[in-house]
Amino acid sequence: MAGDQDGNYAIGSPSVEPPIYDPGGPTCVVDQLGGPDRGVALDVAQSAAAARGDSQLVVVLASDDRELRRDLEAKSFQLQVVLLAWQGP
């Protein structure tokens, strides 16, 4: 977890080295950005991941979260995976 004095925060995984080969190396998966400004929370996450030497940052995004998607695209994030889930009967 990383945060700032204004209450913006990011919750993600410890660095892991999954079989991702481009660019390869440690990866952080952020599944929650919060606080009054999630764009700032994204900056916090990027800084924390870079400080510990992560090669990439993956952010989990709900398909209907247009605001966060705009923030991610503004920082050159690109859509990589669409995950579909079935909740069952």
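**Figure 1. A nonpolar surface patch around valine 29.** A patch here is made of residues with over 30% relative accessible area and no salt bridge, nonpolar side chains being joined within 5 Å. In this predicted model, Val29, Val58 and Val60 make a nonpolar surface patch of about 200 Å². Valine 29 lies in strand 3, which covers residues 27-34. Because its relative accessibility is 31%, valine 29 counts as partly exposed.

**Figure 2. The antiparallel pairing of strands 2 and 3.** Strand 2, formed by residues 9-12, runs antiparallel to strand 3, and four bridges join the two. Within this pairing, isoleucine 11 has glutamine 32 of strand 3 as its bridge partner.

Figure 3. Leucine 68 belongs to helix 2, which spans residues 66-74. Is this leucine 68 buried or exposed? Leucine 68 counts as buried because its relative accessibility is 4%, the cut-off for this class being under 20% relative accessible area. When residues up to four places away in sequence are not counted, leucine 68 touches Leu33, Arg38 and Leu61.

**Figure 4. The whole chain, as context for the close-up views.** The secondary structure of the protein consists of two helices and four strands, which follow the pattern β-β-β-α-β-α when read along the sequence. The protein has 89 residues, of which 26% count as buried, and its accessible surface comes to about 6,300 Å², with 52% of that surface belonging to carbon and sulfur atoms. Among the contacts in the protein with a separation of 6 or more, 57% are accounted for by residues 24 or more positions apart.

Note on methods:
Residues numbered from 1 in each chain as written. Predicted model: local features only at pLDDT ≥ 70, side-chain atom pairs only at ≥ 80, totals over all residues. Heavy atoms only, no water. Patch = residues over 30% accessible without salt bridge, like charges linked within 9 Å, V, L, I, M, F, W, Y side chains within 5 Å. Areas by Shrake-Rupley, 256 points an atom, 1.4 Å probe, with all protein chains shown as cover. Salt bridge = Lys/Arg side-chain N within 4 Å of Asp/Glu carboxyl O. Buried < 20%, exposed > 50% of the residue type's maximum accessible area, 1.4 Å probe, protein only. Pairing = 2+ DSSP bridges. Contact = heavy atoms within 4.5 Å.
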